[in-house]
Structure formats: C-alpha cells, structure tokens
Amino acid sequence: MELRLERISHRYDGMTVLEDVSLRIAAGEILCVIGPSGCGKSTLLRLIGGLERPDSGQVLQLGAPPEGCLNPLTFVFQDFALLPWRSVAGNISLVLEDHGIRGRAARAIIDDVLARTRLSDFHAALPRQLSGGMKQRVAIARALAVNPAVLLLDEPLSALDAQTRELLMDDLIDLWQRQRFTGIYVTHNLAEAVRLGHRIAVLSRRPGRLRELVEVPVPMGERRIGDPRLEALQARLWDMMKEEAMAADRELLDV
Amino acid sequence: MSEGRPVPFRGGGFRPVRIRWAGTAVFVLLVALTEWGTRAGWISNLTLPRPSDVVATLVQLWRSGLLWQHLLPSLARLAVGSMLGVSAGIAVGVMIGLFSLVRAGLVPLVAAIFPIPKIALLPLFVIWFGIDEGSKYALIALGTFTPTVVATYGAVDNVDRTLIRMGQSFGLRWFSIVRKIVLPGALPGILSGLRVSLAIGIILLVAAEMLGAEYGIGAYILEAGSLYDLERLFAGVVILSILGVLTSWAIGVLEHRLLHWRG
Ligand SMILES: Nc1ncnc2c1ncn2[C@@H]1O[C@H](COP(=O)(O)OP(=O)(O)O)[C@@H](O)[C@H]1O
Ligand SMILES: [Mg+2]
C-alpha cells in the first residue's frame, strides 16, 4: 500500500506547526523524517495515522492493504505504550481481541511475532520486568501482530541506550528484509536515519516545511557502521539541521 | 598521598521504608502507659478507663453474646450502605471521566454535596426512608458516594493518555478502550479512594446508630456514654478501631491481588 500526503498544513491554537507538506511513500519503502525538535514530526505522524485531522490537505491511501491486514496504519510509540497490567502475550492479544481472534488463532499469531522479535521466552512477563529494549521489541511484536501495511514509528529508539539502539536497528533491518513493510520513521537521530531510511525527508524548523528529500545511496543490506558514503550523507544532514536549529535560536532571540 | 576525606553521604531518605514493629510498639507503649498511670493513680479513672478493665469488658461482651448482637447489624448496615454508595460512586465517577457533558453537569453538584455534613441530613432521611434501616443505608450510601465519585473521576483523568491513543491507533472499539485501558488504569486511584470512603462509612454508621437504633456499635457507645461507663465506651471505640483496621487491611489485600502488576 502506498501513501500520498497532499499539501498538509496544521495549526495548534493559531500556531502553524506544519505547512504545505507533500510526500509520497512507496510500498515497501522506509521514509525517515528528521527535523529539529518541535518542528511537527510527531504531529505529521499522527495526521498520517488518522489520530488527528489536518487543518488542510489530505492523506491518501493508494491501493488495498494486503490480505489479512487487521490495522493498515500501525504505530510504534517512543514510550512503548504497553499496558502495565497485561503480560507480554496479553499486550499483543489486546490488539487481536477486537477482531475476534482468540484462543488458538491468537496463540499462533502471538507465538509467531514473539519468535520474530526473539521474545518467545517472555510470554508471561509483565512490562515492568523487561528492559527498555525488550519493551520496545514487545511493542514492535504487537505492531507486527496486526500485519500492518504501513508502520508509523515515532522515535522508537529514542528512549533507549546506544547499544540497545544499535541492536534494535539491526532487528528492524532484519524484519524489513524478511517482509518488506512500508515504514515512516520519525527520528532526530541522523545515524538512525541513514541506517534505516531509503529516503530521508528533512523538515525545516517550525512551521515544518519539507526542506529537502534525500535518497540514501546504499542498499539496506550493505550498510555498515563507518561506511564513508553514509558518513558523508550524515554530515550533510547535520549541516542542514544545524542551520535550522541556529536559525530557530536567532528567531527566538529576535522576539 | 593517602590523605583525603571520604565523601560525606547526603543521599537517602524521602522514601517510606516498611518497619513492622514501630506501629505495634507505639500502641503497646500507649496502652502500657495508661495501665500504669491508672494503677499508680496519676491518671484518675474519670479521665481514662484502665485498659485491662476495657479488655475485661470486651471479653464479657463476647461471652454474653451481646458482641454479635451489636456487631452484626452494624456490619450489615456498613456493607449494604457502602456497597450502594461505592458502586453508584464508581459508576458516576467513570461517567464523569468519560463524558464531558456529564462532567459539566455533575461535577458542580458533587462539589455542592461533598462538604455537607451528611449527619445533618439524617432527620430528612428518616422522613424519606423511614426510621429503620432505610435511613441508615441512605446516610452511609450518600456519605461514601461523594468521595468515591471524586476519587474515581480523578483516577480516570489520570489514566495515561498515550495508552488511550495507542488503543485508538490499533482501531480498538470505544468500549474496549474503556474496559481494557481506562478502567484498569483507573483502578489504583479508585481503590485508594475506597479507603477514604469506607472510613467515612464507619463514621456515619456510628452517627446513624446513635440517632435511633436498638442494637449496633453506635447504640452501644451512646448508651455507655450517657451512663458515663468509660469501660464500655472504650470497648465500643476499640471495636470501631478494629473495624477500621480490618477494612483497611481488606483493601490492602484487594490492592495486592488486583494491582500485582505494579510490583
Ligand atoms: N495537541 C497539541 N496541542 C497544542 N500544541 C501541540 C500539540 N501537539 C504538539 N503541539 C505543538 O506543536 C509543535 C510540534 O510538536 P511535535 O509534532 O510534537 O514536534 P516534534 O515531534 O517534531 O518534536 C510543538 O511546538 C508542540 O508544542
Ligand atoms: Mg516528537
């Protein structure tokens, strides 16, 4: 399934957060969205996922979601959003129950997604017993359980430490290579963007406009830490971000 | 160069630590002091009864069967009244938490009812519900209702919004979100509200029984008080305290079982 954003603008109490953002996300592609904090990245993702309505413009789904897809646009949140009173399996079962999937059928799906996220041994664990990285893997397993057409990831690794982040990035790439999901990946971490994105959308400081759309020149499977092409791209992105951040600071001083 | 001072410790504190013996120790000390004082004479027996006499009174109450005659009706009143008040309170509190219109309509009303000393309404309840059990149920129900409402809608308001947004993002039905996310999330707040509500329930129970009941802890205390029988008065008070400790303990057990996920 493809997504098309047409001239999205959004305001909160008179403050323009997003202005005239148009994008196209192809099926099987991961688009990373970066931009200085407060530029409207999370807002953009909520608009795409239908959790909020844009003031103007529209988000279009092109093509039908795949067979067996329970929830075409599925979020992975920065703070995991696991129900603390449900076990790992219970948290995944939560998103199946409303579709009438219970008992053996639910069990099969849960076992499958837990195996894919290497969590099979933690079926019955409660969220508080898990580390941050494991919690986020549970959240990813939950997202996979509904067989999404598009994954919407809002800084999914930002609450984690650097090592865990590396490991989870590998996990995500692994998952993508096995089943090419469409993804929109919001982050402020440029290293994540060049590792996980096919293309990178750079938003300007608030009001967020599409400043640049960059293609990552290395195929997903060949990306290694320290690859000079990725480093060069990351440096270029960093220059853009720095410019935006410094301009934002100046604007603040001018007020 | 082995000179140097250890870094002074300045952390710690500000966190409740479980100390089991302290509560009992304070209690035992107070009772022992009173016993000593009343025996030695520096506490006159018009000021305080001798603790051993109070115990003797309690034992006698137990032996004569009078204890149950007073306690059972009291427990029944407390159970029925607070069951009515608490369940209505939780229902209304959840509605206030979920629907803005209900909130706008009922929060001012609840705020108006909350500070009324419910005991003052007892004569009115006697007219409405009769002198018998009805008025007592109503008094306890109303008294437990308001704090439960306030605690419940506060608890619903405090449910983590990101969890609700998560539910919506997975396309959960409204009713599923309420049942599987909002209510469990509000449960800790509702249960701690229950502690307050039931304590108020016990206070009102005694008040209601003082105003017209043949049997009941309140009636027993009132009778003892009017005769200046301090031993029996205190025996009644001890029973109330035990009742309070027991309900608090029961809620503790409930919390332990329902909220084990908090660890
Ligand atoms: N629900 C909301 N109501 C009002 N203002 C909001 C709301 N959500 C976000 N904002 C504001 O919109 C701007 C963009 O927010 P957000 O999309 O979270 O930025 P980012 O994720 O890029 O850091 C911020 O200034 C934030 O304060
Ligand atoms: Mg954000």
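Predicted model: local features only at pLDDT ≥ 70, side-chain atom pairs only at ≥ 80, totals over all residues.
**Stop one: the main core.** Start by selecting A:Ile200 and A:Leu237, the residues with the most contacts inside the largest nonpolar core, which has 107 residues. Now colour chain A by domain, with domain 1 as 2–65 + 151–254 and domain 2 as 82–148. Both domains give residues to this core, so it lies between them.

Keep A:Leu237 selected and bring up its partners from beyond four places in sequence. You will find A:Ile34, A:Leu190, A:Val194, A:Ile200, A:Val202 and A:Val214 in contact with A:Leu237.

**Stop three: where the chains meet.** Next, show both sides of the contact: 24 residues from chain A and 19 residues from chain B. Together the two chains bury about 1,900 Å², and 65% of that is on carbon and sulfur atoms. On the chain A side, pick out A:Trp85, A:Asp98 and A:Arg128, which lose the most area to chain B and together make up 35% of what that side buries.

Which residue of chain B forms a salt bridge with A:Asp98? Select B:Arg173, and you will see the closest N and O atoms of the pair 3.9 Å apart. There are three salt bridges between chain A and chain B, and seven residue pairs are in polar contact across the interface.

To finish, highlight β5 (73–76), α2 (88–97) and α4 (132–145) of chain A, the elements that each give two or more residues to the side touching chain B.

Key: Residues numbered from 1 in each chain as written. Chains lettered and ligands numbered in written order. Heavy atoms only, no water. Core = buried A, V, L, I, M, F, W, Y, C linked by side-chain atoms within 4.5 Å. Buried < 20%, exposed > 50% of the residue type's maximum accessible area, 1.4 Å probe, protein only. Domains from an automatic or database assignment. Contact = heavy atoms within 4.5 Å. Buried area = accessible area lost by both parts, 1.4 Å probe. Salt bridge = Lys/Arg side-chain N within 4 Å of Asp/Glu carboxyl O. Polar contact = N/O pair within 3.5 Å; in protein donor to acceptor, adjacent residues only side chain to side chain. Helix = DSSP H or I, 4+ residues; strand = E, 2+ residues; numbered from the N terminus.
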